[in-house]
Amino acid sequence: MKVLETRASEVTEFDEKLRTFVRDMHETMDDSNGIGLAANQVNSLQRVIAIRIPWQERDQEEGEPSEDKKWWHDKRFTFINPVITKKSGKIKYMEGCLSFPEIFDYVDRAALVTVEAFDEHGKKFEIEADGLMAVCLQHEIDHIDGIVFINRMSRLKAQMIRRKIQKRQPTEAVAAD
Ligand code: ZN
């Protein structure tokens, strides 16, 4: 929980070590069937995010209206030191998080975001994202700011979830032994 609630630091060296870390992050994300992963979630306090939103899986999700295939579907993205430079509109999505596997809830987000970032070679780029890509970017940028999506829910809901997590942890520790 501590690393998840700590702000990650800017990457300053775009070297081979960083590129290996980025590759590992994408592998971890794929292995856990996630659409996004922030470095904090793998215990590293660097401002690095991996995103890949498959078009097929998106369509199979329950309860969400199906979306047209967008340019960002099925593409692998790495955002280093990402900054949201513009945001507009409102969107609510049923969000989940690899760090809280049993929790899903609607979170208010901006519908459209412009993000500036660097790739793993230190090259600056900018993208404008909508739909699930916009939601995912905001969720992951929250992670590197030390904010978990539970903090974006209503206070009552957040309290309920935290109590549930606290209750569960001791049992899990025993089971893991
Ligand atoms: Zn998450």
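## Glu5, Arg162 and the salt bridges

In this predicted model, Glu5 is partly exposed, with a relative accessibility of 39%. The side chain of Glu5 meets that of Arg162 in a salt bridge, with an N to O distance of 3.6 Å. This pair links distant parts of the chain: Glu5 belongs to the segment before α1, Arg162 belongs to helix α4 (residues 155-176), and 157 residues separate the two. Arg162 is likewise partly exposed, at 28% relative accessibility.

The structure holds 16 salt bridges. Among the residues involved, Arg7, Glu10, Arg47 and Asp145 are linked in a network of salt bridges. Side chains of opposite charge can pair when their charged atoms come close.

Helix α1 covers residues 16-31 and contains Thr20. A salt bridge joins Glu16 to Arg23, and the closest N and O atoms of this pair are 3.8 Å apart. Glu16 counts as partly exposed at 47% relative accessibility. Thr20 is also partly exposed, with a value of 34%. The C-alpha atom of Thr20 is separated by 9.5 Å from that of Glu120, although these residues are 100 residues apart along the chain.

Another is His26, whose side chain makes a polar contact of 3.1 Å with the side chain of Arg76. His26 also lies in helix α1. His26 is buried, at a relative accessible area of 7%, whereas Asp30 is partly exposed at 32%. Arg76 is partly exposed as well, with a relative accessible area of 43%.

## The zinc site

The zinc ion has three protein donor atoms: SG of Cys97, NE2 of His139 and NE2 of His143, at distances of 2.0 to 2.2 Å. Along the sequence, the donor residues follow the spacing C-x41-H-x3-H. Cys97 is part of strand β4 (residues 91-97) and His139 is part of helix α3 (residues 131-144), so this pair ties together parts that are 42 residues apart in sequence.

An α-helix has 3.6 residues a turn, so residues three or four places apart point the same way. The x3 spacing in the donor pattern separates the two histidines, and both contribute NE2 atoms to the zinc ion.

## Helix α3

Helix α3 is mostly covered, with 14 of its 14 residues buried. How far apart should the ends of α3 be? At 1.5 Å a residue, its 14 residues should span 20 Å. The C-alpha atoms at the ends of α3 are 21 Å apart, which agrees with that expectation. After α3 comes Gly146, which has a positive phi near 80°.

Met94, Phe104 and Tyr106 make a nonpolar surface patch of about 300 Å². Met94 is placed in strand β4, the strand that also holds the zinc donor Cys97.

## Two asparagines with positive phi

Most residues other than glycine have a negative phi, and most peptide bonds are trans. Asn43 has a positive phi of about 65° although it is not a glycine. Asn81, also not a glycine, has a positive phi of about 50°.

Asn43 is located in the loop between β1 (36-38) and β2 (48-52), and it is exposed, with a relative accessible area of 64%. Asn81, by contrast, is found in strand β3 and counts as buried at 12% relative accessibility.

Methods:
Residues are numbered from 1 along each chain as its sequence is written. This is a predicted model: local features need pLDDT of at least 70, side-chain atom pairs count only at pLDDT 80 or more; totals for chains, interfaces and linings use all residues. Side-chain values use heavy atoms; hydrogens and water are left out. Donors are N, O and S atoms within 2.8 Å of the metal (3.2 Å for Na, K and Ca); water is not among the atoms, so sites may look incomplete. Helices (H or I, at least four residues) and strands (E, at least two) are DSSP runs, numbered from the N terminus. The expected span of a helix is 1.5 Å times one less than its number of residues. Buried means under 20% relative accessible area, exposed over 50%, partly exposed in between (1.4 Å probe, protein chains only). Patches are made of residues with over 30% relative accessible area and no salt bridge: like charges are joined within 9 Å, nonpolar side chains (Val, Leu, Ile, Met, Phe, Trp, Tyr) within 5 Å. Accessible areas come from the Shrake-Rupley method with a 1.4 Å probe; for residues, only the protein chains shown count as cover. A salt bridge is a side-chain nitrogen of Lys or Arg within 4 Å of a carboxyl oxygen of Asp or Glu. A polar contact is a pair of N or O atoms within 3.5 Å; within protein, one must be able to donate a hydrogen and the other to accept it, and residues adjacent in sequence count only if both atoms are side-chain atoms.
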